[in-house]
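The sequence and the structure are shown here for reference.

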Amino acid sequence: MHDSLFSPWTLGTLTLKNRILMPAMQLNMADDYQVTDKLCAFYAARAQGGAGLIGVGYASVDLLSAHVGHIGAHHDRYLPGLTRLAETIHAGGAKAFIQLNHAGRYNHSMLTGGRQPVAPSAVPSRLTGETPRELSAEEIDALIISFAAAARRVSSAGFDAVEVLAGTGYIISEFLSPLTNKRDDKWGGSLENRMRFGLEVIKAVKQASGLPLLVRINGNDFMPGGIGRETLQQFAMALEAAGADGLSINVGWHEAQMPQIVTKVPRGAFAYLARNIREQVSIPVVAGHRINDPETARELISQGWCDAVAMGRALIADPELPNKASTGKDDQLVHCVACGQGCFDALFRFQHVECLCNPRAGHEDEQISPAASTQKVLVIGGGAGGMSAALSAARQGHQVILCEKTDHLGGQLELAGAPPGRTEFRFLARDLARQMTEAGIEIRLETSVDAHLLQQLQPDRVILATGGQPLTPPIPGSDLPHVIQAWDLLQQKAKAGKRVVVIGGGAVGIESALLLAEEATLPAETLKFLLVHRAEDPEELYRLATRGTRDICIVEMIDKLGRNFGKTTRWTMLQDLERYGVKSRTGVKVTRITPEGVWLETEEQEVLLPADSVVLAVGTRAENPLLSLCEELQIPCVSIGDARKPAMVFDAVHQGYKAGQGVV
């Protein structure tokens with residue numbers, strides 16, 4: 001049977017074995033611009049995993065274009081590392097391209113040795129809070145020459161193609177957009193002038209490198225007053241005329257208030273932008289963003305939305321995705337859940353990329369040796385941490401038994417996957433459970449571990465992954481009938497009334513509020529039916545899609561909501577609270593709960609929030625009753641995840657991975 005995903009295609013003169021492209025992503029694995037062992041090991045795993053074309057970068061073109069965590073391409077001293085990186089990818093069986101870029105106003109003086117960032121015009125950056133210096137005409141000419149010199153350099157390093165990033169709010173898109181280009185010379189004003197810089201860069205890079213040229217552009221910048229779809233389609237046609245051999249379609253600027261990469265974004269949601277551009281050009285077009293499974297990719301290609309797909313975080317989560325998909329093993333994939341915790345949030349902390357779903361990601365350079373002797377390892381708890389620990393121990397060669405007291409695996413992943421737009425977390429639960437079966441791990445469900453079972457099993461060591469339990473705060477009235485735990489709500493063990501007060505503005509509180517807010521709104525299928533048949537004005541359909549029948553208010557003692565969300569996710573969740581009409585009160589203390597509602601103490605007075613239901617989402621306490629028992633029986637043991645200390649799923653997975661190896 002023909003598989004559209006694994007048919008050859010061409011990018012200029014380059015023939016590629018399949019239509020899976022790994023786009024260039026910042027990994028923070030370079031060291032003072034130099035390619036490192038960690039970087040090579042990361043890409044070696046993806047090349048061996050079967051991707052047809054792998055992108056690295058972005059790479060610098062001068063000292064103001066990047067920072068020391070990026071790959072250097074602005075000086076010959078970086079050639080040996082660049083050559084080694086290209087050879088590493090080739091050795092794994094993939095073709096390699098490198099992306100060139102200049103951050104423009106998105107760079108930060110803190111990262112450039114105190115140098116002021118440069119841009120087409122001195123327009124402040126919301127991303128950094130800094131105002132860049134306007135480039136002179138002479139500096140613009142010099143910058144085009146720098147792009148060409150970097151292109152010549154990476155060509156000599158052995159890369160098969162080069163990519164120029166001309167979107168996402170970086171310098172080429174800054175020239176293109178009227179928001180950031182206020183010039184009145186030949187580089188600004190009309191669209192023709194604003195396109196000029198990007199087109200001159202493309203021509204210079206093409207001529208200098210002699211390589212097939214891919215250009216990554218936005219399909220829509222999602223910036224009010226910026227460059228929308230129609231302008232970008234014109235830019236795409238101009239890029240083809242300037243010599244581009246292919247276009248990779250990105251979405252949004254970094255400062256755009258449009259969710260782009262989080263789990264709530266449906267799979268393949270932005271592929272329509274690639275299709276729009278594909279209809280205007282004759283060169284190959286690549287679609288990206290939230291394509292984390294082969295079936296979505298196949299549909300987009302076979303239906304003519306694009307010629308190939310960019311799968312970035314999907315290949316961080318599972319480097320073997322192409323090999324599995326090409327051999328009919330789609331059911332063995334580890335799906336990216338688009339949490340952003342290990343990839344994007346790590347960059348904000350100036351750390352290298354890791355992955356919630358794949359604790360090996362970012363650590364491929366760390367050698368794992370088989371265990372010197374086989375042990376019997378007992379893992380107690382079948383949540384994310386426990387399953388990660390069991391898999392890690394099994395892959396070390398140990399005999400592993402996992403006991404879970406309920407009738408299913410997944411633990412708090414089931415809670416995390418309950419709110420609207422968060423179902424990917426339930427995919428992770430299934431992915432981990434399937435991997436355990438494949439690894440031959442003995443799984444005992446509905447099994448509570450006690451002294452008798454421990455003595456019967458005689459484990460050499462125990463990993464305690466018993467999780468946590470929701471806290472009940474010492475608030476008078478917490479035991480009233482209309483008070484429910486958020487966990488029970490998320491597990492559909494409890495229902496809420498029309499007027500709801502959620503106590504606790506952390507992740508669980510926000511997710512509970514959004515779950516309740518979305519109930520009784522128009523479902524997607526109904527919304528499409530009414531829209532297609534023009535049954536109502538689009539504004540009325542929007543209202544019906546975002547307004548349910550409940551009155552919901554979150555109360556939080558500290559002065560902000562969502563404190564335990566990662567930076568990538570938090571702003572989108574706060575945006576949703578506003579969109580769905582969820583109210584909030586921060587910096588207030590709950591003094592008591594009564595049948596009438598919740599009493600709050602403010603600086604001025606005590607007020608009553610009327611409520612038919614009160615949802616408790618005030619945190620988690622460790623659930624670890626077996627620690628003292630293991631110590632009493634002198635069985636070596638370690639606690640992970642919430643059983644050690646309430647934390648995020650990312651922490652539980654990584655602690656489990658290390659515990660399975662005996663590192664923790």
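## Packing of H5 and H6

Helices H5 and H6 cross with a right-handed sense. This is a predicted model, and in it H5, spanning residues 191-209, packs against H6, spanning residues 229-242, at an angle of about 40°, the two axes lying 10 Å apart.

On the H5 side, the contact is formed by Leu191, Met195, Leu199, Ile202 and Lys203, while H6 contributes Thr231, Gln234, Phe235, Ala238, Leu239 and Ala242. Sorted by class, the residues in this contact of H5 with H6 comprise eight nonpolar, two polar and one charged.

## Strands E3 and E4

Strand E4, which covers residues 53-59, is mostly covered, with seven of its seven residues buried. It is joined by two bridges to strand E3, residues 20-22, and the two strands run parallel. In this pairing, Leu21 has Leu53 of E4 as its bridge partner.

## Surroundings of His352

His352 lies in the loop that connects helix H11 (344-348) with strand E13 (376-380). When neighbours within four places in sequence are set aside, the residues in contact with His352 are Leu27, Asn28, Met29, Lys38, Gly342, Ala346, Gly362 and His363.

Between His352 and Asn276, which are 76 residues apart along the chain, the separation of the C-alpha atoms is 35 Å.

Key: Residues are numbered from 1 along each chain as its sequence is written. This is a predicted model: local features need pLDDT of at least 70, side-chain atom pairs count only at pLDDT 80 or more; totals for chains, interfaces and linings use all residues. Side-chain values use heavy atoms; hydrogens and water are left out. Axes are lines fitted to C-alpha atoms, for helices over the stretch in contact, and angles run from 0 to 180 degrees between N-to-C directions. Helices (H or I, at least four residues) and strands (E, at least two) are DSSP runs, numbered from the N terminus. A crossing is left-handed if the near helix is turned anticlockwise from the far one by less than a right angle, and right-handed if clockwise. Contact means heavy atoms within 4.5 Å. Ala, Val, Leu, Ile, Met, Phe, Trp, Tyr, Cys and Pro count as nonpolar, Asp, Glu, Lys and Arg as charged, and the others, Gly among them, as polar. Buried means under 20% relative accessible area, exposed over 50%, partly exposed in between (1.4 Å probe, protein chains only). Two strands pair if DSSP finds at least two bridges between them.
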